[in-house]
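Trainee: Could you walk me through a few local features of this model?
Mentor: Gladly, let's look at it together.

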Amino acid sequence: MRVLILYCEEGEGHAAAARALARELADAGVDARIHDAMQRGLGRLIPLLSRDAYHVQVRRLRWTYGLEYVLFTRVPPTRWLGRRGLALFGGRPLRRVIAEADPDLVVSTHPAVTNVLGFLRRRGRLNVPVVATITDFGVHALWAHPGVDLHLVMHDAVVPAVEGVAGRGSATAVSPIVGPEFAAAPARADARRALELPPDRPVVLVSGGGWGVGDLETPVEAALEVDGVTVVCLCGRNELVRRRVEHRLGDRPRLRVVPFTNRMPEYLAAADVLVDATLGVTCLEALRLGCKVVACGAPPGHSRDNARALARLGLAEVAESAAELREILTRTVHLPGSSAELPTEPTAAAAILAAEPRVERHGGHRRIAAVSVATGLATLVAAGWTFASPTPYPVVARVLDLEALTRVQTAAPEVAVVVVARPSRIPELARTLSRDRLSASFAIAAPLAASERRMLASRHDGLVPLLAPAGASGVLRSRERLVRLRHDLHLRRPFYYVRPAGFTLGDYVAASTAGGVPIEGSDRVEPGSVLVVDVGPGYGSRAAAALASSLRRLGVRAVPLSELLASAARTRPTGAAVASARAPIPVASRPSASPASRSGEAGHHSPARSGASETGTKVVSASTIGAT
């Protein structure tokens, strides 16, 4: 019997699953052949849009992959277009690869290949059975296809989700698809001796998969704060991450930074806990060896769904912040590991060899043109509404983890006050705040007169850009105004700006291309918080007095944003407090003729919250500031 195993080189997980299947099948006397469909089998466009774009997205533009993931897995019209696009561009070249191999059965380990094979099988263009493997626990709709005869999953709880897409009887749970070396891994003491790790201290692995994706620096620093723990950071093939971790933390004696390695069975056998950002096959290998798993720093998309699914099944814990990770590690690192409750039989090879044709040929009639046009129009309308309307932004911001400044880590008892008011009121408000010994940054949408800038400078106040409301068709003009304002304030990229009323995803994208990161008012007033005060008509001295009273009661001092960032630069950030490795962004520190930009170390960037006010910005209202 000949079996063709198709995978896609997107990280190491899909290839590792393919190799594990080939070895299992070879042990059963099967002629198993492995082929990378990205190299030859899916044409030229699919590798460009899938592998190459994904490589850039997960490293530099994570939110774009989160948006793509939501559109293609949770929006039926977009998902239908995605499936048809895969079949259109990948169907013919994949049929040629299959014809050359002439297999008795085809196995897929990647969703893109699964969808093309399912289409061919259902249309009667592929006459041999098709089996798809699903190594994730958080299954999205593109993992399965009605045209696939059998799906192999890693847990019984995943079966209903697959059958909901592909039909009853289309899925079965099998033992973990990992290499035999993980079943025969050395004992912990032997593995530590071979890797020259401390034999009597806890060991924590921090992994970003084969590509080294996700935020690795934050969990590494948090783990190092747990007493006595030795941390091994597995950076995969990401040399940039390896150099960044070594530059920032390389002087820590309990840290070892490791590039891509083939010794994963030994590292997982030696470890007490795996902290994983991708939640892929590495996580499955750890569970097979009885290594405890903590999900932390997962980028938007399928990794976060997988983390939530593992937590629901009791197979992993999820740390939403460095502080939570430190608490979890302190609690669990000394506990004995135990094998996860995963299926022990049948093996994947046994299930593949027992697979029977299930799919009947689907009618090859063409879809009615009106349905296709309507689906395309509906998708365009939904995408346009998402980008142009302020209503979906809070939800999209949470899903895509769009960064906004809410606070920084500082040892000084200071908060940044950012005042949003009409330009004509800025001089009056500056004088009022000065009488109460308050300094602030004023948000401006257009350059101020030189005399007003000198007056603000004399009172030690600052300026930050205010993104002008763009409307449905003015995004590009708004971006141009923001760029001009950035030049006028002598700001370097990246820089902070205040969001306008009616803030949209289109505004965020336009401002991001100009180098801007939005400010979001903090939920709490504490040292390091950024307070956004929207001063409406009729509020001046009362607002300033209420703000001053509130801050005095809390024992903190109001300063411009630039001073708070400078204070953060003088404070050594801890793993529990820093959620991003991004360097602090310079702002106009003084609105003088030659304002000097200030910069420092990382500030705290937290996800935008869906509970923002109708303006799109978390606002500390000037009318209620006294109750804060």
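Mentor: Let's start with arginine 96, which is partly exposed because its relative accessibility is 48%; buried means under 20% relative accessible area, exposed over 50%, and partly exposed in between (1.4 Å probe, protein chains only). This is a predicted model, where local features need pLDDT of at least 70, side-chain atom pairs count only at pLDDT 80 or more, and totals for chains, interfaces and linings use all residues. Residues are numbered from 1 along each chain as its sequence is written, and side-chain values use heavy atoms, leaving out hydrogens and water.

Trainee: Where is arginine 96 placed?

Mentor: Arginine 96 lies in helix H4, residues 76-101. Helices (H or I, at least four residues) and strands (E, at least two) are DSSP runs, numbered from the N terminus.

Trainee: Which residues form the positive surface patch?

Mentor: Arg84, Arg92, Arg95, Arg96 and Arg125 form it. Patch members have over 30% relative accessible area and no salt bridge, with like charges joined within 9 Å; a salt bridge puts a side-chain nitrogen of Lys or Arg within 4 Å of a carboxyl oxygen of Asp or Glu.

Trainee: What is the phi of histidine 460?

Mentor: Histidine 460 has a positive phi of about 65°, although it is not a glycine. Its loop runs between helix H19 (450-458) and strand E16 (462-465).

Trainee: Is serine 175 buried or exposed?

Mentor: Serine 175 is buried, because its relative accessible area is 10%. Leaving aside residues up to four places away in sequence, serine 175 touches several residues, including Met154, Pro343 and Ala348 (contact means heavy atoms within 4.5 Å).

Definitions and conventions. Patch = residues over 30% accessible without salt bridge, like charges linked within 9 Å, V, L, I, M, F, W, Y side chains within 5 Å. Areas by Shrake-Rupley, 256 points an atom, 1.4 Å probe, with all protein chains shown as cover. Lys, Arg positive; Asp, Glu negative; His and termini not counted. Charge placed at Lys NZ, Arg CZ, Asp CG, Glu CD.
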